[in-house]
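Please brief me on the aromatic ring pairs of this protein and on its annotated domain.

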Amino acid sequence: MTEPRATTLTDRIDRLFQVVRRPNGEQHSHEEVARACRESTGESFSAAYLWQLRTGRRDNPTKRHLEALAAFFQVPPAYFFDDEQGRALAEEVELLGALRNSAVRNLALRAVTLSEEGLGTVTDIVEAIKRRESKRDQGE
């Protein structure tokens, strides 16, 4: 098995934007996140600066900026600093992002009491719907 590649700070920040979304499913805007970071740190933090961090044009934020980003996206600051913990947290971030969708959370909570056979049936149904929607989206 190959070791997963270390992710960059840029990758990690971008992943948070991709996965941790507003309740309506839309991504948070750079301005929205920057404003929250400014309010939590009292320091300068612009939407342009956040965009630069997210795209790799800047790569040396202060510890306080990373702590503010971690607080906004509700991840531990170690997500940005520790490769091993970052990989583990990235998986949790994806799960947390999905569970912030109330319909997904409702389905997951209902599935908790199902038997292994019942869970298998639900998984089969979800996979069939995903395939159908994927074909529809591709115009087939």
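The notes below cover the basis of the model, the annotated domain and the aromatic pairs.

This is a predicted model, in which local features need pLDDT of at least 70, side-chain atom pairs count only at pLDDT 80 or more, and totals for chains, interfaces and linings use all residues. Residues are numbered from 1 along each chain as its sequence is written, and side-chain values use heavy atoms, with hydrogens and water left out.

**Annotated domain**
- The unreviewed UniProt entry places the feature "domain: HTH cro/C1-type" at residues 46–80; such annotations may be inferred rather than shown by experiment, and UniProt positions follow the numbering used here, with feature names shortened.
- Residues 46–80 are 66% helix and 0% strand, with the end C-alpha atoms 19 Å apart; helices (H or I, at least four residues) and strands (E, at least two) are DSSP runs, numbered from the N terminus.

**Aromatic pairs**
- Rings of Phe, Tyr and Trp (its six-membered ring) pair if their centres lie within 6.5 Å; planes under 30 degrees apart count as stacked, over 60 as edge-to-face and the rest as tilted.
- The count comes to four aromatic pairs.
- One of them is the edge-to-face pair of Phe-17 and Phe-73, at 5.2 Å centre to centre and 65° between the planes.
- Phe-17 lies in helix H1 (residues 9–19) and Phe-73 in helix H4 (residues 63–73), so this pair ties together parts 56 residues apart in sequence.
- Phe-17 is buried, with a relative accessible area of 0%, and Phe-73 is buried at 1%; buried means under 20% relative accessible area, exposed over 50%, partly exposed in between (1.4 Å probe, protein chains only).
- Phe-45 and Tyr-49 form an edge-to-face pair, 5.4 Å centre to centre with 85° between the planes, and both residues are buried.
- Phe-17, Phe-72 and Phe-73 are linked into a cluster by ring pairs.
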